Amino acid sequence: MNKLVYLAGPIVNCTYDDCTSWREYSVRELATYGITGLSPMMAKEFLKEHQKLTDRISSHVLASDSGIVARDMWDVRRSDAILFNLFEAQKVSIGTMIEYGWASAFNKPIVTIIEKKGNVHEHLMVRRLSGFRVETLEEGLAVVRALFAY
């Protein structure tokens, strides 16, 4: 049985590399344990040419309003756990916050990577919905691996 983990985190106002580097690393690391990381950036290489990503950057069907929502919701729904990387976020990510709601509604374990203090996402909802709160990507990946260590 394939174990799936959705890799959530801010995209708007980030560079393509900021959005993809931690996700690509996570996908590689998780794969060594038989866990598949699902990235909202997969198959979106066409966004590389943009300096900063926005929510209206491309007319491509995968980057359209309905395309983003449909695939991201489907990926959250079919995942076994959700890894949220909020570390060093500069602006609240509305899309990521909606993904917290989906993850909770779909009864998914939530692992949140966030600073101890000062993150723009610091909010009672994020604190309450996070089953696991850590400060580094490595810690987040370790928690995900532990969730599937049965």
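Author: Glu 88 is found in the loop between strand 3 and helix 3; helices (H or I, at least four residues) and strands (E, at least two) are DSSP runs, numbered from the N terminus. The model is predicted, so that local features need pLDDT of at least 70 and side-chain atom pairs count only at pLDDT 80 or more, while totals for chains, interfaces and linings use all residues. Residues are numbered from 1 along each chain as its sequence is written, and side-chain values use heavy atoms, with hydrogens and water left out.

Although Glu 88 is not a glycine, its phi is positive, at about 60°. Its relative accessible area is 54%, and Glu 88 therefore counts as exposed; the term exposed means over 50% relative accessible area, buried under 20% and partly exposed in between (1.4 Å probe, protein chains only). A positive phi of about 60° also occurs at Asn 107, again not a glycine. Asn 107 belongs to the loop between helix 3 and strand 4, and with 71% relative accessibility it counts as exposed.

Phe 84 lies in strand 3 and Tyr 100 in helix 3, 16 residues apart, so the pair links distant parts of the chain. Their rings are stacked, at 3.7 Å centre to centre and with 15° between the planes; rings of Phe, Tyr and Trp (its six-membered ring) pair if their centres lie within 6.5 Å, and planes under 30 degrees apart count as stacked, over 60 as edge-to-face and the rest as tilted. A search of the whole structure finds one aromatic pair. Both partners are enclosed: Phe 84 is buried because its relative accessible area is 0%, and Tyr 100 is buried because its relative accessibility is 2%.

Five strands, in the order 2-1-3-4-5, form an open sheet with parallel pairing; two strands pair if DSSP finds at least two bridges between them. Strand 2 (35–38) and strand 5 (132–134) stand at the edges with a single partner strand each, so one side of each has no neighbour in the sheet. From one strand to the next, the twist averages 20°; axes are lines fitted to C-alpha atoms, for helices over the stretch in contact, and angles run from 0 to 180 degrees between N-to-C directions.

Strand 1 (residues 3–8) runs parallel to strand 3 (residues 81–85), and four bridges join the two. Opposite Tyr 6 stands Ile 82 in strand 3, and opposite Val 5 stands Ala 81 in strand 3. Four bridges also join strand 1 to strand 2, again in parallel, with Gly 37 in strand 2 as the bridge partner of Val 5. Strand 1 is largely enclosed by the rest of the structure, because six of its six residues are buried. Lys 3, Val 5 and Leu 7 point one way from strand 1, and Leu 4, Tyr 6 and Ala 8 point the other way.

Helix 2 (residues 65–78) packs on the sheet, where it touches strand 1, strand 2 and strand 3, and its direction makes about 135° with that of strand 1; contact means heavy atoms within 4.5 Å. In helix 2, Gly 67, Arg 71, Asp 72, Asp 75 and Val 76 are buried. Seen down the axis of helix 2, these buried residues fall within an arc of 145°, so they line one face of the helix; the arc is that of the directions from the helix axis to the C-beta atoms. They pack against strand 1, strand 2, strand 3 and helix 3 (94–105).

Helix 5 (residues 137–147) holds Val 144, which counts as buried because its relative accessibility is 0%. Leaving aside residues up to four places away in sequence, Val 144 touches Val 5, Leu 30, Ile 35, Leu 83 and Val 111. Val 144 and Val 111 are 33 residues apart in sequence, yet 7.4 Å apart in space, C-alpha to C-alpha.
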